[in-house]
Amino acid sequence: MTENRIKRKMRVLSICNLKGGVGKTTTAVNLAGILATDFGKRVLVIDNDQQGNASQFFQVFHPDNIGTAEILCLENEIDDCIKKTSNPNIDVVPANMNLAAANHDLISRTSGMPTQIRLREALKQVAEDYDFAIIDNGPNLEVSFINAIVSSDDFIIPVKIDKYSFYGISTLMDQIQDMSYWKPHINFVGCLVTMQHSGNQLENEGVEWLAGGHASTGNQRYKIMNTKIKYSPRVNDTTFGSELITVLSGRSQAARNYKELAAEYLEFVANNAVDDTARV
Ligand SMILES: Nc1ncnc2c1ncn2[C@@H]1O[C@H](COP(=O)(O)OP(=O)(O)OP(=O)(O)O)[C@@H](O)[C@H]1O
Ligand SMILES: [Mg+2]
């Protein structure tokens with residue numbers, strides 16, 4: 001950290017769903033990339049999944065890396081864990097299997113700083129270095145996930161619409177509600193429909209169910225973001241070359257959709273100020 005750096009106020013966004021394979025990491029890395037490249041924002045990506053997929057995407061993965069696990073276990077300062085990427089506006093706190101061990105250890109740890117607030121306290125140290133932190137969570141309710149929610153101003157739930165996709169959303173919402181002692185207020189940006197196929201009637205019915213009720217009554221089961229991410233085989237290809245979908249296939253629907261997502265989230269941020277005393 002340099003003395004004459006521009007002072008920023010980092011806004012923290014969690015990407016989460018208890019279900020695996022719904023597009024959490026794809027959303028976290030592409031949203032981070034678009035905020036950084038198209039909007040000039042400084043973004044810190046926090047890999048909060050032992051699978052380390054976001055770290056792999058940004059090519060900072062190593063099984064011996066220090067990262068999120070060591071921050072949670074108070075073994076290292078966040079500054080020592082941050083990795084630079086090829087994009088000067090994106091830094092990453094990486095993760096690997098150490099996070100699985102850390103989650104196990106933290107359950108029984110009763111001394112020192114409360115285990116729920118450790119990531120938040122660490123993020124305070126870098127809050128003036130970034131505009132956004134985006135936390136890519138694993139599909140679980142471990143201590144590391146509690147830390148993510150306690151650190152976050154906003155959360156998005158990516159949802160892939162299929163027969164199994166709704167199970168777990170209510171549990172996730174209840175669990176976040178149960179964290180209110182540590183995190184009294186967090187903004188639900190909405191469910192983000194991912195991997196959507198055009199003109200698929202069953203999928204459309206699934207989205208309608210998710211939204212619940214009718215627009216005319218205003219009753220919603222879950223808030224759904226306006227942006228929907230279309231299925232595109234090119235998204236899978238991005239994992240091999242570690243390129244954003246906007247770089248690999250800028251004309252694909254998914255690339256356009258992720259740009260729309262970035263714009264929708266920035267608008268949400270502009271319209272939903274967070275209490276400065278409550279934030280990281
Ligand atoms: N819009 C899309 N079109 C096509 N494939 C997609 C799209 N979004 C994601 N995928 C693919 O779906 C798979 C799962 O995506 P991703 O890894 O982002 O999910 P995840 O929720 O992070 O999974 P996990 O719970 O294992 O962390 C990946 O192979 C990814 O490339
Ligand atoms: Mg993932």
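Predicted model: local features only at pLDDT ≥ 70, side-chain atom pairs only at ≥ 80, totals over all residues.

Residues are numbered from 1 along each chain as its sequence is written, chains are lettered from A and ligands numbered from 1 in the order in which they are written, and side-chain values use heavy atoms, with hydrogens and water left out.

Select Thr227, which is found in strand β8 (residues 224–230). Thr227 is buried, its relative accessible area being 4%; here buried means under 20%, exposed over 50%, and partly exposed in between, with a 1.4 Å probe and protein chains only. If you display contacts, meaning heavy atoms within 4.5 Å, and leave aside neighbours within four places in sequence, Thr227 touches Leu192, Val193, Asn257, Glu260, Leu261 and Glu264. Which side chain is joined to that of Thr227 by a polar contact of 2.6 Å? The partner is the side chain of Glu264, where a polar contact is a pair of N or O atoms within 3.5 Å; within protein, one must be able to donate a hydrogen and the other to accept it, and residues adjacent in sequence count only if both atoms are side-chain atoms.

**Stop two: helix α12**

**Stop three: helix α1**

Move to residues 24–37, which form α1. This helix has 14 residues and reaches 20 Å from its first C-alpha to its last, close to the 20 Å expected. Twelve of the 14 residues of α1 are buried, so the helix is mostly covered; among the buried ones are Lys24, Thr25, Asn30 and Leu35.

**Stop four: the largest pocket**

Now display the largest pocket, which holds about 590 Å³ of space. Of the 28 residues lining the largest pocket, the closest to its centre are Gly23, Thr25, Thr26, Val235 and Thr239. A pocket is an open set of points on a 1 Å grid over the protein atoms alone, where a 1.4 Å probe fits, with protein on both sides within 12 Å along at least five of seven lines, and lining residues have an atom within 4 Å of a point. The elements that each supply at least two lining residues are α1, α2 (53–57), β7 (187–196), β8, α10 (233–241) and α12, and α1 gives the most, with five.

Select Gln59, in the loop between α2 and α3; Gln59 is exposed, with a relative accessible area of 62%, and has a positive phi of about 60° although it is not a glycine. Most residues other than glycine have a negative phi. Gly67 lies in the loop between α2 and α3 (68–72) and counts as buried at 1% relative accessibility. Leaving aside its neighbours within four places in sequence, Gly67 is in contact with Cys81, Val93 and Pro94. Finally, select Leu74, in the loop between α3 and α4 (78–81), which has a positive phi of about 60° and counts as partly exposed at 46%.

Conventions:
Helix = DSSP H or I, 4+ residues; strand = E, 2+ residues; numbered from the N terminus. Points joined across faces, edges and corners; volume = space filled by probe spheres on them. Expected span 1.5 Å × (residues − 1).
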